[in-house]
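User: Could you take a close look at a single part of this structure, namely the open sheet and the helix that lies across it, and explain how they are arranged?

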Amino acid sequence: MAGVLFSRQMCQTLVRGIKNVSVARRATSVVQIAGYKNFPVPPTYDDIEIPKERQKLRFLNKVPQYPGSIRPPKMMKRLDLIRGEEEIHRDLLLQQYGIIAKRGGLLRHGHLEMIRMGIARKINPNKMFAIWRVDAPWKPITKKGQGKRMGGGKGPIDHYVTPVKAERVIIEVGGKCSFEEVKPFLTMIAHKLPFPAEVVSHETLVASRLEEERFERENINPYTFKYLIQNNMMGCHNWIRNIDKKYFGKYH
């Protein structure tokens, strides 16, 4: 009986082996043969120089420093400091990457510290660097205590802010890196700002401005918002805002 059982096991093993071999042959017949593939040469960044003195963003003072004999001055609201388009600091000096404000607003010291710490955690100081394009908080914001009666003059200074206009460059990041490396953490920082902001590179910034100029030049509809305001169509000067008479609804 043992010999008969052994022969059955041998037959079953041989049948399984033949099936496995046939399956293996069918499987190996559809396997693709690996070939050569040409990948693009990675950039070298030989033309970029990293500053030796400081690669990270410097700490900005929360309160401007005045001499002891000078009382800190107060200011009016001055909404003209955040309205309209930036005329000077609107281009990337390093011609690499940065964050640009799409609308005017006020940056507090907490926002500036968020930017500084977020950049410091993400960049590699051995091959990357960042610079500020905005000043430390300098505009005083006054506030009266809760429950105070009206009158009695202007309240005491509560904190300081940095006014920012639309198209203003806030920070710039550069070095031996690509746009895909810095875009994720710059986007995270831009979403935390108190106004809409955009992460741009030098190429995307130039392309967007050229596209805007082309759109205005090739627009075949003469009745634009600018044309309606300039010609006071339907008496719109009676109800539109004064800022729209100057910037034609482009900046708020």
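Analyst: What follows goes through the sheet, then the helix. The model is a predicted one, and its open sheet consists of three strands in the order E2-E5-E4, paired in the antiparallel sense. Strand E2 (105-108) and strand E4 (139-142) are at the edges with a single partner strand each, so one side of each has no neighbour in the sheet. From one strand to the next, the twist averages 50°. Strands of a sheet pair through backbone hydrogen bonds, in a parallel or an antiparallel manner. Here E4 and strand E5 (residues 157-164) are joined in the antiparallel sense over four bridges, and Thr 142 stands opposite Ile 157 in E5.

Turning to the helix, H2 (residues 109-122) lies across E2 and E5, and it runs at about 70° to E2. The 14 residues of H2 should span 20 Å at 1.5 Å a residue, and because the end C-alpha atoms of the helix are 20 Å apart, the two values agree. Its buried residues are His 109, Leu 112, Glu 113, Ile 115, Arg 116, Gly 118 and Ile 119, where buried means under 20% relative accessible area. These buried residues of H2 pack against E2 and E5, and also against strand E3 (128-132), strand E6 (169-175) and helix H3 (179-191).

Key:
Residues are numbered from 1 along each chain as its sequence is written. This is a predicted model: local features need pLDDT of at least 70, side-chain atom pairs count only at pLDDT 80 or more; totals for chains, interfaces and linings use all residues. Side-chain values use heavy atoms; hydrogens and water are left out. Two strands pair if DSSP finds at least two bridges between them. Helices (H or I, at least four residues) and strands (E, at least two) are DSSP runs, numbered from the N terminus. Axes are lines fitted to C-alpha atoms, for helices over the stretch in contact, and angles run from 0 to 180 degrees between N-to-C directions. Contact means heavy atoms within 4.5 Å. The expected span of a helix is 1.5 Å times one less than its number of residues. Buried means under 20% relative accessible area, exposed over 50%, partly exposed in between (1.4 Å probe, protein chains only).
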